[in-house]
Amino acid sequence: MIPSNRRDVLRAAAAVGTVALASAAPVARAAPRIAKPSPQVQPALGYAPDALAPAISAQTVDFHYNKHHKGYFANLAKLVAGTAMAAASLEDVVLATAGKPDQRALFNNAAQALNHNLYWQSLTPGGSAPMAALEAAITRDFGTRAALEAELAKAAMGQFGSGWAWLASDAGKLKVLATGNADTPLTMGMTPLLVIDVWEHAYYLDKQNRRADYVAAILPLLDWAGASARLTA
Ligand SMILES: [Fe+2]
């Protein structure tokens with residue numbers, strides 16, 4: 001089979017046990033645009049642990065960032081130790097292992113590490129405004145930012161069990177979608193722009209089972225400027 005895009009190349013390489021990541025494949029039209037591949041190292045929080053309060057308490061940030069998120073990186077490090085995957089970016093590990101039942105643990109931990117990287121980057125104290133290109137895309141695809149936020153909230157509330165609500169770019173078109181567990185629009189050929197974590201660990205200490213309260217509280221903290229940068233990267 002001739003691989004048709006970067007994801008196929010990575011899957012084919014993984015299947016034969018050789019992940020030629022550095023030389024892999026021209027980025028094809030459908031491949032997600034990755035401005036800067038994420039290393040297998042937990043990024044620092046871009047703000048103080050209490051900077052998102054009261055929407056998200058310092059205690060929740062502490063557990064979420066220092067236990068859950070850090071734990072995915074720790075598990076990932078054990079799983080890739082001594083393998084060709086050890087030097088790969090998180091995106092490449094996710095793309096190479098998605099949909100492979102025998103690599104489920106590797107996919108889950110790499111994808112959860114990557115999804116949480118974007119989650120923390122999707123929030124900023126006080127929120128921010130989109131830049132021109134994203135503002136225009138929002139107007140074109142949703143009408144208003146309020147309408148888009150309503151779609152995000154609906155996706156977050158509609159996700160049964162653990163998962164994520166996303167704003168993603170599908171070849172430039174904005175899409176809102178939800179995924180379960182560790183799944184990400186990256187493996188669907190889209191570029192994730194913003195994400196809301198709807199695993200219970202994201203809100204249970206603050207809101208108990210009231211996911212709607214958590215979602216409503218963090219919508220004003222979304223970093224639309226950061227999403228703008230990802231759209232135009
Ligand atoms: Fe989480």
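Helix α6, residues 145-158 of this predicted model, has 14 residues, which at 1.5 Å a residue should span 20 Å, and the distance of 20 Å between its end C-alpha atoms agrees with that expectation. Its buried residues are L148, E149, L152, A155 and A156. Because these cover an arc of only 120 degrees around the axis, they lie on the same side of α6, whereas A146 and G158, on the other side of the helix, are exposed. The cover over the buried residues of α6 comes from elements that include the helices α5 (132-142) and α8 (211-218) as well as the strands β1 (163-170), β2 (173-180) and β3 (191-197).

Those strands belong to a chain whose secondary structure comprises nine helices and three strands, arranged from the N terminus as α-α-α-α-α-α-β-β-β-α-α-α. The three strands form an open antiparallel sheet in the order β2-β1-β3, in which β2 and β3 are the edge strands, each pairing on one side only; neighbouring strands are turned against each other by 20 degrees on average, direction ignored. Between β1 and β3 the antiparallel pairing extends over six bridges, and A168 stands opposite P192 in β3. Helix α9, residues 224-232, lies across β1 and β3 and runs at about 150 degrees to β3.

For the chain as a whole, buried residues account for 40% of the 233 residues, and of the contacts between residues at least 6 apart in sequence, 67% join residues at least 24 apart.

Conventions:
Residues are numbered from 1 along each chain as its sequence is written. This is a predicted model: local features need pLDDT of at least 70, side-chain atom pairs count only at pLDDT 80 or more; totals for chains, interfaces and linings use all residues. Helices (H or I, at least four residues) and strands (E, at least two) are DSSP runs, numbered from the N terminus. The expected span of a helix is 1.5 Å times one less than its number of residues. A residue is buried if 20 or more other C-beta atoms lie within 10 Å of its own, exposed if 12 or fewer, and partly exposed in between; C-beta atoms are placed from the backbone. The arc is that of the directions from the helix axis to the C-beta atoms. Two residues are in contact if their C-beta atoms, placed from the backbone, lie within 7 Å. Two strands pair if DSSP finds at least two bridges between them. Axes are lines fitted to C-alpha atoms, for helices over the stretch in contact, and angles run from 0 to 180 degrees between N-to-C directions.
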